[in-house]
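Take a walk through this two-chain structure.

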Amino acid sequence: MKNEVILEVENLVKHFPLEEGIFSRHHKKVHAVNGISFQLHQGETLGLVGESGCGKSTAGRTIIRLYEPTSGIVKYQGKNILSYNAKEMLAVRRDIQMIFQDPYASLNPRMTVGDIIGEALDIHHLARGQKRTDRIYELLETVGLNPEHANRFPHEFSGGQRQRIGIARSLSVNPKLIICDEPISALDVSIQAQIVNMLEELQEKLGLTYLFIAHDLSMVKHISHRIAVMYLGRIVELTDSFTLYEKPLHPYTQALLSAIPIPDPDIEAARQRQVLKGNVPSPIDPPSGCYFRTRCPKAQEVCALSTPELIEQGNNHWVACHCI
Amino acid sequence: MSISVESFSPLQQGLKAEGINRPSTTLWQDAWRRFRKNPLAMGGLTVLALIILFALFGPFFSQFDYKTNNLMATNQYPNWIHPFGTDELGRDILTRSMFGARISLLIGFGSVAINLTIGIFYGGISGYKGSWLDNFMQRIVDIIFSIPDLLYVILLMVTFGPGLRNIFIVLGLVNWVPMARIVRGQILTLREQEFVLAARTLGADTKRILIKHLLPNSIGQIIIVAALQIPAAIFMEAFLSFIGLGVQAPMVSLGSMASDGRMNIPSYPYSLIFPAAMIALLMLAFNFVGDGLRDAFDPKMRK
């Protein structure tokens, strides 16, 4: 693994205002992402996991500026892309691409597969005429689809095939970094494996860097070099995937890992599960201090008073917890 | 029971497992297939086609025109020379109906073309840009919407004065409002779809997203609204002509013919019946076609 940092996120915050009316002056907001920081190295896969509604997708979308962040810095190759204007951003969009979660919603039903994949070629003036057609065929073959299907419409394909089309679309601009926004969670298990293996092959062949957003821990373990665990818009633990699964330090990570089923009924019956009490607090009105304290088995007084920083606990193992 | 291994053989290699055999169908083909199965809609379409032929080509086969008086043949009941009879100035009502239907169709299609242009533009920008601009644009729409159409139309017609051109302008000014609302609603739901996010990630600008992604996906709804606005516009014109604010003599429309005929109901009822029947037929045909289009483009909306 090369150590060159390709993407650096510093204190990224994204709040969504609620009920924005003419007369209402009270500004409630959804605290979707509350200051996350991480680095992404060239050629690695960073898994971003957490339960539904913890801000993983929002984080991904904010990094690529589909949402304008409330505050924070996103540095791509050393430059803050959040200050870029539309024209400068267009150049960045050739390098950072995204794969979406829902293969049924992420393809325009009124466009042929060829036009869907070729759209970026038109936007960035990369290829025209015969060259464009050739490039589309090449991309279809790269993701294991039949080039004859270029004139078909998305509804004629299965979920797995559609996800491949989505991947071909993101590859069309030769990106360096791909944000995978739960690319496999809408697919069934056998197809998941196909897509994940294909993503790994593509990474090797094209030298891609992935930010892999998911909630399926076993799949993330398989594909990621490092994993960041999110809870209510904050990263609570960040380390390499081996360490995270063997020696999780944060109580939330420990609870998450204990929830993974083990495919052996004897072990499964014998082991003690760590079950969290209660529900995730509302992101509209998050608790003070450590967001996890309301459900944490180890919570102390200090947890309500101050927010724990993400601190290195030896060898690139970062944890945000007062009780370690 | 045991099954021997020999009874299995490997699948022939190189078969195209991912092949698609079903012929590719577009939105239009699907819609047409559903439309064809709807007898009311097909009936409406047939009647509509006949009326259009009647209005466009009928006058070429008629020996009369719509404005020349013939005082030797006033107020004739329907007969072989004048199948629909003649009015008090001896003009052939059949020929006048053809010209009247022409005006009605022109108004119907023309005013919808105008409100499509304004409605799509306005609704598209309002829906896609969102936030305060959307809020502002929608409040304008609300204000226009809150005034009864009829009052608004009559007021504008009185201000602009009667005439064909002014009917176009006034109907265009009124009817774009529901169109803009529909377009905005469609765009609001579509713009958060992942394929739009994907296009933005690829670097598509607003114009491209609207034209390539949002509008093509709203086209079904737009056609449905447009198809149901045509008869409304035709009726509005007939109504304006009926109360004397529409097309002016010697130009003729179905509404002004009905208005002329109204005076003579006791003695010459046919002079009202034929134009009124034409209006009714047009309205029915357009409404059936409109309903058929709605079912064809959006099967879920049926019932």
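pLDDT is the predictor's confidence in each residue, from 0 to 100. Helices (H or I, at least four residues) and strands (E, at least two) are DSSP runs, numbered from the N terminus. Among the elements of chain B, helix α7 (residues 194-201) has the highest mean pLDDT, 90. Helix α9 (residues 254-262) of chain B has the lowest, 81. Chain B as a whole averages 82, and 93% of its residues score at least 70. The model scores ipTM 0.85 and pTM 0.79. Where pLDDT is low, the predicted coordinates should not be read in detail.

This is a predicted model, in which local features need pLDDT of at least 70 and side-chain atom pairs count only at pLDDT 80 or more, while totals for chains, interfaces and linings use all residues. Residues are numbered from 1 along each chain as its sequence is written, chains are lettered from A and ligands numbered from 1 in the order in which they are written, and side-chain values use heavy atoms, leaving out hydrogens and water.

Now the sheet in chain A. Four strands form an open, antiparallel sheet in the order β2-β1-β4-β5. Two strands count as paired if DSSP finds at least two bridges between them. The edges are β2 (29-41) and β5 (79-80) of chain A, each pairing on one side only. Strand β1(A), residues 5-17, runs antiparallel to β2(A) over 10 bridges. Along this pairing, Lys14(A) has Val33(A) as its bridge partner, and Leu12(A) stands opposite Ile36(A). β1(A) also pairs with β4(A), antiparallel, over five bridges. There, Leu7(A) is bridged to Tyr76(A).

Next, the interface. Contact means heavy atoms within 4.5 Å. By that criterion, 27 residues of chain B touch 38 residues of chain A. The two chains bury about 2800 Å² between them, 51% of it on carbon and sulfur atoms. Buried area is the accessible area (1.4 Å probe) that two parts lose on being put together, summed over both.

On the chain B side, α7 and α8 (206-242) each supply at least two of the residues that touch chain A. The largest share, seven residues, comes from α7(B).
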